[in-house]
Amino acid sequence: MASSILVTGGTGRLGTLVVGRLRAASESVRVLSRHAHGTDDGGARVIGDLATGAGVEAAVAGIRTVVHCAGNAKGDAAMTRTLVRAAQDAGVQHLVFISVVGAERVPVVSGVDRAVFGYFAAKRAAEQVVAESGIPYSTLRATQFQESMLAVVRQMAKSPVIPAPTGTRFQPVAVDEVAAALVELALGEPAGAVPDLGGPRAYLMADLIRGYLAATGRRRLFLPVRFPGAAAAAIRAGANLVPERAVGKQTWEELLAEQTAAP
Ligand SMILES: NC(=O)c1ccc[n+]([C@@H]2O[C@H](COP(=O)([O-])OP(=O)(O)OC[C@H]3O[C@@H](n4cnc5c(N)ncnc54)[C@H](OP(=O)(O)O)[C@@H]3O)[C@@H](O)[C@H]2O)c1
């Protein structure tokens, strides 16, 4: 059967779960990746690079719906533009995009803003590329993925002294809940900008770290740090949070219990 749904970033943390859920729903799925090997995605892989455009035309050929989960620290808007151009030419009928809560609320003005929080502006620019593409679309903004936060916290906890940004809160959401929401969008009609998806609770960054340390029986010293700049101030004011959409189910404590349990 020819694939009808393309998942960009289908080898990543979110995309892998999206692909699994689409396949479980009996959809035929193609995955775009820069690499021939790596995560098992069931074989229907097209090699391509959204940064250079190589292979992208072939990846979207014959595709009805694109779920765009590919993301990079840099170049999100340019990558999305490349995808959109190819999708327009191929007659794609639905483009599903994952963005981040706060994309339009975190001001990225100075070099410091850009260095630490440029991600938000890049996602906002990519959202605009999608919205202005002329392709019917659905865009979902999610808060930080719990599993991504855990990877960061694990890394931080390797150091005997942990720099903890003061006043910074996160509302982590289980990545599989985001995958489920994206799949529901992909299988439905294009819905434009849909309501945000946030985790069940917001936590100070220091408390996320403390929870991990307690769950793994570690003790560390904390070094409070305060990032300068307008973007950091907006984050401290909660621009990355969406309390009115705290609809995620799994809590940080539940993730820790699952991920730090002895085998
Ligand atoms: N992590 C979070 O907390 C969070 C929160 C809200 C929204 N999001 C958004 O959700 C999406 C997925 O995040 P994630 O954490 O699952 O990412 P991830 O695990 O880092 O995966 C990134 C994916 O992007 C693909 N990719 C990167 N550069 C590419 C390029 N030049 N051409 C083609 N593919 C490329 C990678 O594929 P290959 O390496 O196989 O080529 C990989 O599958 C991103 O758009 C991210 O901005 C993330």
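Predicted model: local features only at pLDDT ≥ 70, side-chain atom pairs only at ≥ 80, totals over all residues.
The residues being covered are Val-175, Glu-177, Val-178, Ala-179, Ala-181, Leu-182, Val-183, Leu-185 and Ala-186. Helix 6 itself runs over residues 175–187, 13 residues in total. From the first C-alpha to the last, helix 6 reaches 18 Å, close to the 18 Å expected at 1.5 Å a residue.

Helix 7 (residues 205–215) comes next. Its buried residues include Met-205, Leu-208, Ile-209 and Tyr-212. These lie on the same side of helix 7, because they cover an arc of only 95° around the axis. An α-helix has 3.6 residues a turn, so residues three or four places apart point the same way. The partners packed against the buried residues of helix 7 are helix 5, strand 7 (161–165), strand 8 (169–170), strand 10 (203–204) and helix 9 (252–259). After helix 7 comes Gly-217, which has a positive phi, near 65°.

The last stop is the ligand. It is surrounded by 26 residues, of which Gly-12, Arg-13, Ser-33, Arg-34 and Gly-71 are the closest. At least two residues of the shell around the ligand come from each of helix 1, strand 2 (29–33) and strand 5. Helix 1 gives the largest share, three residues. By type, the shell around the ligand holds 11 nonpolar, 11 polar and four charged residues.

Methods: Residues numbered from 1 in each chain as written. Helix = DSSP H or I, 4+ residues; strand = E, 2+ residues; numbered from the N terminus. Expected span 1.5 Å × (residues − 1). Buried ≥ 20, exposed ≤ 12 C-beta atoms within 10 Å, placed from the backbone. Arc of directions from axis to C-beta. Contact = placed C-beta atoms within 7 Å. Near = placed C-beta within 6 Å. Nonpolar A, V, L, I, M, F, W, Y, C, P; charged D, E, K, R; others polar.
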